Amino acid sequence: MDLIDILLSASFWAAAIRIASPLIFATIGELICERAGVLNLGIEGIMVAGAFAGWIAVWGGLPLWGGVAVAMLTGMMLGLVHSVFSVPFGLSQHVVGVGLTLLATSLTFYTYRVILPEVSSPPKITAFQPYEIPLLSDLPLVGPALFSQTPLTYAAFVMAGLTALVLYRTPLGLAVRAAGENPQAVAAQGLSVTAIRMGAVVVGSGFMAIGGAFLTLSAFDSFFFDMVNGRGWICIALVVFGAWKPGKAVLGAILFAAFDALQIRLQQTGIGAVVPYQVFLMMPYILSILALVVMSRRAEIPAALMVPFNKGER
């Protein structure tokens, strides 16, 4: 009975949408990269750097949206580093991505210590506050869950919708998808596969960084190093779960977030007094793996994903 009450409560779904928001940003960013043919394993480090950059910018005096912009620019610069090594140089995307994660997290730690050398606990900022959309927020269940969130949550869904629109309804989106499926055909049309792939990685990395900034500017009001906590790797799995389609990827993010919100609430019920809390912590990951196995069997991976492009080669 406790489970039914939880699933039918508006607070549960509001928490699920809130937890899903940074995943949506980062998952869509990764999806853009992979649609163009580049696997970006630097996502974890980019999210950490974005979380720190946005927070430190606001702490330094910029408005909240200014912090979001700084985070995005930070992610785009890291994405540029990734794209230079993985696209024109054709280096291993696995190695470049993992190296970028190590670089970004190390630089973040170093910068934090340089700026705040004597601080034992990070200072707090005034984060984004929930904004209730008139009339819609009054709807039962759906209103508090979807229409009483912070502005960055609304931005996450808008960004996902715009990404789907661009990918499937514009020549630019067609070029990006073709770069990940048949780059030779793109080159035959006189377009630069290198430029398309690099641009996709830069833009996608910017979205990943906003996902990290969500944690410091919207979910919390401070920065600590373990706050990303593997979300980047989850987002890579969510791209596969969503079969490289924005709509399904968003649903996957909400599903994982619902599992996460559910385990927190189950710990507070009578079940939590009997079952070790570690079981609840594992639950969202186990359920997500099972869902990933089921969904990935039907997924069609972009044909040229992780395949370096050399003009003239077949």
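In which helix is Glu30 found? Glu30 is found in helix α2, helices here being DSSP runs of H or I with at least four residues, and strands runs of E with at least two, numbered from the N terminus.

The views show a predicted model, in which local features need pLDDT of at least 70 and side-chain atom pairs count only at pLDDT 80 or more, whereas totals for chains, interfaces and linings use all residues. Residues are numbered from 1 along each chain as its sequence is written, and side-chain values use heavy atoms, with hydrogens and water left out.

**View A. Glu30 and Arg35, two buried charged residues of helix α2****.** Glu30 is buried without a salt bridge, and the nearest side chain of opposite charge, Arg35, is 12 Å away. Buried denotes under 20% relative accessible area, exposed over 50%, and partly exposed the range in between, with a 1.4 Å probe and protein chains only. A salt bridge requires a side-chain nitrogen of Lys or Arg within 4 Å of a carboxyl oxygen of Asp or Glu; Lys and Arg count as positive and Asp and Glu as negative, while His and the chain ends are not counted. The side chain of Glu30 does reach the backbone nitrogen of Asn40, at 3.2 Å. Leaving aside neighbours within four places in sequence, Glu30 is in contact (heavy atoms within 4.5 Å) with Leu39, Asn40, Ile43, Met208, Ile236 and Val239. Arg35, also found in helix α2, is buried and has no salt bridge either, its nearest side chain of opposite charge being that of Glu181, 4.0 Å away. Beyond neighbours within four places in sequence, the contacts of Arg35 include Leu167, Tyr168, Glu181 and Trp244.

**View B. Helix α7 and the helices around its buried residues****.** Helix α7 comprises 19 residues, 151-169, which at 1.5 Å a residue should span 27 Å, in agreement with the 26 Å between its end C-alpha atoms; the expected span is 1.5 Å times one less than the number of residues. Its buried residues are Leu152, Thr153, Tyr154, Ala156, Met159, Ala160, Thr163 and Leu167, and they pack against α2, α4, α6, α8, α10 and α12.

**View C. The aromatic pair of Phe52 and Phe223****.** Rings of Phe, Tyr and Trp (its six-membered ring) pair if their centres lie within 6.5 Å, and planes under 30 degrees apart count as stacked, over 60 as edge-to-face and the rest as tilted. By this rule the count comes to 13 aromatic pairs. In one of them, Phe12 and Trp13, the centres are 4.9 Å apart and the planes at 75 degrees, so the pair is edge-to-face. Phe52 and Phe223 likewise form an edge-to-face pair, with 5.4 Å from centre to centre and 65 degrees between the planes. Since Phe52 lies in helix α3 and Phe223 in the loop between α10 and α11, this pair ties together parts that are 171 residues apart in sequence. Phe52, Trp55, Phe109, Tyr112, Phe223 and Phe225 form one aromatic cluster.

**View D. Leu135 and Ala243, two loop residues with positive phi****.** Leu135, in the loop between α5 and α6, has a positive phi of about 70 degrees although it is not a glycine, and is exposed at 69% relative accessible area. Ala243, which is not a glycine, has a positive phi of about 55 degrees; it is placed in the loop between α11 and α12, and counts as buried at 16% relative accessibility.

Notes:
A polar contact is a pair of N or O atoms within 3.5 Å; within protein, one must be able to donate a hydrogen and the other to accept it, and residues adjacent in sequence count only if both atoms are side-chain atoms.
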